[in-house]
Amino acid sequence: MARQIGDVIVDLQNISLRFGGVKALTDISFNVKEHEIRSIIGPNGAGKSSMLNVINGVYHPQEGQIFFKGALRKKMEPHEAAEQGIARTFQNIALFKGMTVLDNIMTGRNLKMKCNFLQHALYWGAAQKEEIAHRIKVEEVIEFLEIQDIRKTPVGRLPYGLQKRVELARALAAEPHILLLDEPMAGMNVEEKQDMCRFILDVNDHYGTTIVLIEHDMGVVMDISDRVVVLDYGKKIGDGVPEEVKNNPEVIKAYLGTSH
Amino acid sequence: MSNTRATAADSASLDTFPRLLMHHAQQRPNRPAMREKEYGIWQTYTWAEVAERVRSIASGLAELGFKRGDRLAVVGDNRPRLYWSVAAAQCLGGIPVMMYQDAVAQEMAYVMQDAEIRFACVEDQEQVDKMLEIKGDLPLLEHVIYDDPRGLRHYNQRFLHGLDEVLEMGRIHHQNHPDFLGNEIDKGSPEDVSVMLYTSGTTGKPKGVCQSHSAFIAAAQGGCSFDKLTDQDDILSYLPMAWVGDHLFSYAQALVAGFTINCPESGETVMGDLREIGPTYYFAPPRVFENLLTQVMIRMEDASSIKRSVFQHFMDVAKRCGADILDGKPVSAADRLQYALGNILVYGPLKNVLGMSRIRVAYTAGAAIGPDLFRFYRSIGINLKQLYGQTETCAYVCLQPDGQIKLDSVGTPAPNVEVKLADNGEILVKGPMLLKAYYKRPDATAESINAEGYFMTGDAGFFDEDGHLKIIDRAKDVGKLTGGGMFAPNYIENKLKFFQHIKEVVCFGNKRDFVTAFVNIDLEAVGNWAERKGMAYAGYTDLASQPQVYELIRECVEQVNADLASDPNMSESQIKRFLVLHKELDADDGELTRTRKVRRNFVAEKYEVLIDAFYAGRKEQFIETQVTYEDGRTNKVSANLRIEDAKTFPPQARKAA
């Protein structure tokens, strides 16, 4: 493999997250290395999505420390996370249904636009130039994900699997260092899953993007992940390469249950 | 206009494709030669740019060791760079071998072994993977060049080269040897083989058809002068490059007339790209025209009732006088007025939606086109014509002249082509566009060209009173019923296929008591019909077995029977029994050729139990079939197929229904 796994880029240490009396995450530590595909798995309610929300600053854990690119991260808001190169997709598709695929992906470039609202409204001079430059980036992503034929189609008219792909496109348009994918394959058929796997691997390979992935399909997770962390009831019960995790008795117990 | 294109002295030396290319690069360096949609925007390459790239690729190929007479396999979608590599191989006196991009690896291996390929130029990772898969069986294969590097970064095989790399090598080579390529082009002779196209293999293994420069140039010149094509024309190149039609229209004619070819972004975007480019010259097999019409009709069915009635009214006007207006025949002033209004309200916008606003000449061929379909396009003012030809004749035998269009003929013999009929009705042709030979198959060559130098097409047909050629069927497919009546399966199948709900039909009846038929429904059209009826279905197999669908198909069959009954030659070949197949006939299962023609004998063998059931009078029959998916996996589908009887009509009866 030509892809080199780099240094630790996100390091989570002893993270605990509570919503009032409910403990969502308890004393969780793990790290993500640059250029790797890192999966988070666990039964329903294990705290996977909360974990992602901690990474991109939606939730602020009550305890623990987060190091991002080696520096201790202070309380960070989601837009700051986005500016630092963390993009994500959502479990329930969060696209503008009435807008075209192209426009939706363009919104992914939002943070990179330098001109102000008025300039953009007039679409003149620098704003026009800027828009063209962004459009080129967006077109690259469109080609990369092979969605040229639906470029001008309103998102609401697309089948679910394609909407998921558009969401990935929007996240990619932000040129992220880290891509957080929350169940990118939920509700897809086998062929759509295969396509999505291929795109995730391609993104990781071509752009070198670090990917943190939540997924329920074990086949997919074990196939494409470099390392897997397993959560159960907000606690970490396993961490390592897919082979280790698969044979971890704790993990088997959490997934299959044990006889008493 | 066309005779000012080149002076007489010039045209004598314009006898190979590389010379034509260099000529255009000098004569019209800044005219667009090719366009390609990249990153959502149409990029243009001028003739000068194309010539420079071709020179670089050719020099790069020479650097890799490509020699005169070597064959270059070309596989992929219609990409400008693949067209360039075709020209590059020709510059070096090599022979491009065009291969179908959707062929599976094993089919490719056969062609590559047969053609003794040392060099291959392929489009992308998908094709490279196929090459790697069959490399072991191809000891001669030395270099594989790919156009699109995506996904290939970790492929480190020594024999793989990016086309960019080859271009760069060629540029350096050209700096060091500036005279090299000019000399190579000078060495070329018009009698050299310019390209090898493989026959689709409707019968037996594919054969490599060797066509010389002079043959393809003759065919292209004939076609260009016949339809007055100039360097101002635009064509959309979207049909497989390995198909003779694309090679004639997008390569030979483009180089002869100097017009612009436009490559769509991808297979899925062709409709949109067609609309954006608005070609003036267009070619499509009947299937494409049919799909376009089906889509329009489906959308009209969902339109509001006012729109529907306006559409209906003006389509009736068009049906009445549209084709006559196009042919310049006398039409009453009232109808002309109505038609003009219709043009504003319906035909103009419709043509715009179809991307056909600018079309001057459109052709169709490859299969028979339905009369309703053909009439529809002509009636809205699209100059759709038919032509007739095969791979062995550079797709150039008969063309329909403007203004003399007959629905059921393929027109008159093209300029410089001689057509005559053998005693058994087989069509024989002679002219400058005939093949040189089948590659390494002197036996097959001798079999197909008779002692007087006529190519035997294998099609049966006859000339009508105006000298227009009519095709009935493949000569060898025409059989006899036990009752003595003629059985022309294609003729019957085509009649059925013209119904929008029917996609494919295979008829049987040779040496049998009566005619029977397998039917494939059109999933899109029937699906839409079922939706409007509120019928639930789970997929093709389920839909195909619904009793209402059988009723729908029965109506079509009986209509055809009524039609056949009125034709004295054909009244005995009415379809007595039919069934709707549980799966779509598919090229991946070997049932269709890559050009989507039915392989009749293969189907007959594969579904023998069903045919037996037809003639044993059974009401239903269980069948299990293996299907192959695009990725090569296989699965089984099984079904209990119902066999139904259709009403037949006494000879000469008018349509009763």
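The model is predicted: local features need pLDDT of at least 70, side-chain atom pairs count only at pLDDT 80 or more, and totals for chains, interfaces and linings use all residues. Residues are numbered from 1 along each chain as its sequence is written, while chains are lettered from A and ligands numbered from 1 in the order in which they are written.

Helix α9 of chain B covers residues 213-226; helices (H or I, at least four residues) and strands (E, at least two) are DSSP runs, numbered from the N terminus. At 1.5 Å a residue its 14 residues should span 20 Å, and the end C-alpha atoms are 20 Å apart, which agrees. The expected span is 1.5 Å times one less than the number of residues. Because eleven of the 14 residues are buried, α9(B) is largely enclosed by the rest of the structure. Buried means 20 or more other C-beta atoms within 10 Å of the residue's own, with C-beta atoms placed from the backbone. Among the buried residues are B:F216, B:I217 and B:C224. The buried residues pack against these elements of chain B:

| Element | Residues |
|---|---|
| α2(B) | 17-27 |
| β8(B) | 193-198 |
| β9(B) | 208-212 |
| α10(B) | 244-257 |

After α9(B) comes B:K228, with a positive phi near 50°.

An automatic or database assignment gives chain B domain 1 (2-283) and domain 2 (479-645). Their contact takes eight residues from domain 1 of chain B and six residues from domain 2 of chain B, where contact means C-beta atoms, placed from the backbone, within 7 Å.

Between the chains, ten residues of chain A are in contact with nine residues of chain B. Helix α5 of chain A (residues 126-144) gives the largest share of the chain A side, five residues.

Technical notes: A residue is buried if 20 or more other C-beta atoms lie within 10 Å of its own, exposed if 12 or fewer, and partly exposed in between; C-beta atoms are placed from the backbone. Two residues are in contact if their C-beta atoms, placed from the backbone, lie within 7 Å.
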